[in-house]
Amino acid sequence: MTLQAIPEMPKYEQALIGIIHTLPAERIQQILDYARYIQTQTLEDFALLEDENPEDIAADEARWDAQFAASQSELTTMAARVRAEIAAGKARPMGFTKDGKIVPA
């Protein structure tokens, strides 16, 4: 049996592992979840971000602002309904575990 040399880890990997070793388990789980999210993104998703120019971004923000302004009446109605449900005891508070999962409160 021959031994194979282990290639040296790149500096960014060393830095990341060094940071991870200082964190509590629940924070490491958050980093892992985020890394998995990033892993699911396609190169096309990132290319779209790079292709945006300031004018496109401003136009997109203007569209979102207009949609948000147009929905104020519906949002006000929903908020009133939620307040009424809370006042009537129909709503329960949300509880969360340390890893961010929802549990009965």
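We'll start with the overall layout, then turn to a pair of helices and the salt bridges.

What you see is a predicted model, where local features need pLDDT of at least 70, side-chain atom pairs count only at pLDDT 80 or more, and totals for chains, interfaces and linings use all residues. Residues are numbered from 1 along each chain as its sequence is written, and side-chain values use heavy atoms, leaving out hydrogens and water.

Running from the N terminus, the elements go α-α-α-α-α-β-β, so five helices and two strands, taken as DSSP runs (H or I, at least four residues, for helices; E, at least two, for strands).

Now find α4 (residues 54-70) and α5 (residues 72-87). F68, A69 and A70 in α4 meet Q72, E74 and L75 in α5, a contact being heavy atoms within 4.5 Å. Sorted by type, the residues of that contact are four nonpolar, one polar and one charged.

Finally, there are two salt bridges, each a side-chain nitrogen of Lys or Arg within 4 Å of a carboxyl oxygen of Asp or Glu. One joins R63 to D60, with the closest N and O atoms 3.3 Å apart; both residues sit in α4, three residues apart, about one turn of the helix. R63 is partly exposed at 49% relative accessibility, and D60 is too, at 30%. The other pairs K101 with D99 at 3.7 Å, N to O. Here K101 counts as exposed at 53%, while D99 is partly exposed at 40%.

Key:
Nonpolar A, V, L, I, M, F, W, Y, C, P; charged D, E, K, R; others polar. Buried < 20%, exposed > 50% of the residue type's maximum accessible area, 1.4 Å probe, protein only.
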